[in-house]
Amino acid sequence: HELTGEVRSRVCPNEFDCRICQEHPKFARVKPPGPMAEVDLHSVVCGIPAPLDRLYHRGHTWAKAEPGGTYTIGLDELGLRLIGPPDSVDLPRRGSPVFVNGAAWTVHKDGDSFRVLSPVSGEVVEAERGEHGWFLKVRPEQGFRTDHLLKGAEVEAWMTKEVERLQLALGAGPEPALADGGALVKDLPDEYPDLDWPDVRARMFLN
């Protein structure tokens, strides 16, 4: 609500889980989100594609509703650039439960291991290592709500703030993060190997 200008300043006591917030319905009634078809589905922020045909978790995963009632879950483009090619990925088995803000999978990179948080609660029906741009397909639990996920104009405002937060986490202003023209480089760890990547990724992936 602060990112989209509905309020000047707001502190969230619920770790951004709008599903348990008593105030969120009041904001939703005042400014209901428009249908996804009315927004630009090919949004780009600082050179980072952020397609708006899906919902975004603040831990840099996205969830896309599928016709059969499942959600496809993957890493957003900023998350991919923060990791680069992983050494390995530990995925949950088919039939395993996942929970919102719990671990969806674990990534191993250069001796570092960190969790990627799930945007959806439900049962894993399929898992792969990202060859097709996604990692899990999840059948959501009954009554699952998506109030905690970002959509539409919220995504662009949030991603802009996340690029700023990344620059602060890198500790050296915009120079190491942004190439000429303000576009984020494709593989940050490869481009800047001497940075404290375990710390940076822990901050950005909310570990």
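**Figure 1. Surroundings of Leu-82 in the predicted model.** Beyond four places in sequence, Leu-82 touches Leu-166, Leu-188, Pro-189, Trp-197, Val-200, Arg-201, Met-204 and Phe-205. The model shown here and in the other views is predicted. Leu-82 also belongs to the largest nonpolar core, which has 45 residues. Leu-78, Leu-82, Trp-105, Leu-136, Leu-166 and Val-200 touch the most other members of that core. Helix H3 gives the most to the core, with seven residues.

**Figure 2. Crossing of helices H3 and H5.** Two packed helices are described by the angle between their axes and by the distance between those axes. Here the pair is H3, residues 153-170, and H5, residues 197-204. Their axes come within 10 Å and cross at roughly 150°. H3 is therefore roughly antiparallel to H5. The crossing of the two helices is right-handed. From H3, the contact takes in Glu-162, Arg-165, Leu-166, Leu-168, Ala-169 and Leu-170. H5 contributes Trp-197, Val-200, Arg-203 and Met-204. Seven residues of this contact are nonpolar, three are charged and none is polar.

**Figure 3. Glu-123 in strand S10.** Strand S10 spans residues 122-127 and holds Glu-123. Glu-123 has a relative accessible area of 42%, so this residue is partly exposed. Val-98 lies 25 residues from Glu-123 in sequence. The C-alpha atoms of Glu-123 and Val-98 are 6.3 Å apart.

Figure 4. Most residues other than glycine have a negative phi. Asn-101 is not a glycine, yet its phi is positive, about 70°. Asn-101 sits in the loop between strand S7 (97-98) and strand S8 (103-109). The relative accessible area of Asn-101 is 32%, so Asn-101 is partly exposed. Leu-206 is not a glycine and has a positive phi of about 60°. Leu-206 is placed in the segment after H5. Leu-206 is partly exposed, with a relative accessible area of 38%.

**Figure 5. The chain behind the close-ups.** The secondary structure comes to five helices and 11 strands. The chain has 207 residues, of which 41% count as buried. Among contacts with a separation of 6 or more, 57% join residues 24 or more positions apart.

Methods. Residues are numbered from 1 along each chain as its sequence is written. This is a predicted model: local features need pLDDT of at least 70, side-chain atom pairs count only at pLDDT 80 or more; totals for chains, interfaces and linings use all residues. Side-chain values use heavy atoms; hydrogens and water are left out. Axes are lines fitted to C-alpha atoms, for helices over the stretch in contact, and angles run from 0 to 180 degrees between N-to-C directions. Helices (H or I, at least four residues) and strands (E, at least two) are DSSP runs, numbered from the N terminus. Angles under 35 degrees count as roughly parallel, over 145 as roughly antiparallel, 65 to 115 as roughly perpendicular and the rest as oblique. A crossing is left-handed if the near helix is turned anticlockwise from the far one by less than a right angle, and right-handed if clockwise. Contact means heavy atoms within 4.5 Å. Ala, Val, Leu, Ile, Met, Phe, Trp, Tyr, Cys and Pro count as nonpolar, Asp, Glu, Lys and Arg as charged, and the others, Gly among them, as polar. A nonpolar core is a set of buried Ala, Val, Leu, Ile, Met, Phe, Trp, Tyr and Cys residues joined through side-chain atoms within 4.5 Å. Buried means under 20% relative accessible area, exposed over 50%, partly exposed in between (1.4 Å probe, protein chains only).
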